[in-house]
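Hello,

Here is the structure I promised to pass on.

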Amino acid sequence: MSKPTPTVRILRIIARLNIGGPAIHVTLLSEKLGAPLYESTLLTGSVAADEGDMMYYAEQHGVTPIIMPELGREISPIRDLMTIWKVYRVIRALNPHVVHTHTSKAGFVGRIAAKLAGVPVIVHTFHGHVFRGYFSPFVTQIFINLERITARMSDTVITLTEGLRRELADEYRIIRRARITVLPLGLDLQRFADTPRKQGVFRASLNIPPDAPLIGIVGRLAPVKNHALFLRAAALIAKTIPAARFVIVGDGKLRAELETQIDALGLRACVQITGWIAETAPVYSDLDVLAISSVNEGTPVTVIEALAAGCPVVTTNVGGLSDLLDGGALGALVPSENVEALAHALIDAVQSPPDNAEIARAQTLMLDRYGIERLVSDMDNLYRALLAKKGRS
């Protein structure tokens, strides 16, 4: 009679469950890596008032996180020393076999606390990085140095794309390439694939005519997302396609500034900012094309969801987007900060959309590559291999 497989205890740490891919990622992993083989605990900080909270998503998936407000995004050297101590105490109480951190601040305090507590396996996932488009060169170098220090405490570092792996190893020299594991995102994509195209629900909610070309951007209103470029492109598109309408789905600290830009560009009649929308499948259903105008990205969930929903995409060629779009085979890539190129590509996507075969191929690839069951299997294999190396099979 074979011996039962022992339960592996995992503590997953993320700075906050704000709207975005990392929150979805850690919630689904915490849910799927559960009993009887795993015992997963999620530790997270507080979400800022201007970000949008995904605690509802965790609750929907039966995940009840431990809340430690100090883990939130604000950085304070003195307070963060106390945060390391508090995380250390949580680790000692839970006695996990694996501590897996996500996002920059949680990765810093979590890995130090795990190392001090003698956790057998320490893993960190880069969902992107903050080395471009976020801070001044001086502050950026501080973050690079901190990541190099905590990388030495990691049994492996996970990236979502091969491109991000190259950046971390070759450009920023955070950690050797051999110690980086590439594991693409895993998401619950079936509801996007099952939602019919041009359903009309989202358009009706905003009084947008069914036949108006509709171009949208989905994400937090933050400088790195470069909504200003999207609006400048919208002004050019409106001259060529006067009936076009534009939606900005999301919220954040730049909302007032973007509202001012909308008026300055004379776009008030054709641009709407919707705020956060919890269920985005109807959004992608009604968009003619999704735009990404960011100056830096990891692997944006919005692009994966849009392609799974059959919605064409046009993005700036930054971060992991080239890998995600197979070098432009699954969507148009344009140079960052080039408003004419972005406008032209969006016009082309509206006027000459991909055919049904191209859409179906992109949908199939997204579900195959980024389905949650694939990620759960990959993560299970990784954890058990790392534990076996430590004699914890």
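Below are my notes on a sheet, a histidine and a helix. Bear in mind that this is a predicted model.

Seven strands make up an open sheet, ordered 3-2-1-4-5-6-7, with parallel pairing. Strand 3 (66-67) and strand 7 (180-182) are at the edges; each has a single partner strand, so one side of each lacks a neighbour in the sheet. Strand 1 (residues 8-16) runs parallel to strand 4 (residues 98-102), and five bridges join them. Arg 12 sits opposite His 100 of strand 4. Helix 4 (residues 104-117) lies across strands 1, 4, 5 (121-126) and 6 (156-159). Helix 4 runs at about 160° to strand 4.

Next, His 25. This residue belongs to helix 1 (residues 21-32). His 25 counts as buried because its relative accessibility is 1%, and the cut-off is under 20%. Setting aside neighbours within four places in sequence, His 25 contacts His 102, His 127, Leu 185, Gly 186 and Leu 375.

Last, helix 14. Its 13 residues (339-351) should span 18 Å at 1.5 Å a residue, and the end C-alpha atoms are 18 Å apart, so the two agree. At the start of helix 14, a side-chain oxygen of Asn 338 comes within 3.3 Å of the backbone nitrogen of Glu 340. Buried residues of helix 14 include Val 339, Leu 342, Leu 346, Ile 347 and Val 350. What do the buried residues of helix 14 pack against? Strand 8 (214-218), helix 9 (227-240), strand 11 (289-292), strand 12 (313-316) and strand 13 (332-334).

Best wishes

Definitions and conventions
Residues are numbered from 1 along each chain as its sequence is written. This is a predicted model: local features need pLDDT of at least 70, side-chain atom pairs count only at pLDDT 80 or more; totals for chains, interfaces and linings use all residues. Side-chain values use heavy atoms; hydrogens and water are left out. Helices (H or I, at least four residues) and strands (E, at least two) are DSSP runs, numbered from the N terminus. The expected span of a helix is 1.5 Å times one less than its number of residues. Buried means under 20% relative accessible area, exposed over 50%, partly exposed in between (1.4 Å probe, protein chains only). Contact means heavy atoms within 4.5 Å. A polar contact is a pair of N or O atoms within 3.5 Å; within protein, one must be able to donate a hydrogen and the other to accept it, and residues adjacent in sequence count only if both atoms are side-chain atoms. Two strands pair if DSSP finds at least two bridges between them. Axes are lines fitted to C-alpha atoms, for helices over the stretch in contact, and angles run from 0 to 180 degrees between N-to-C directions.
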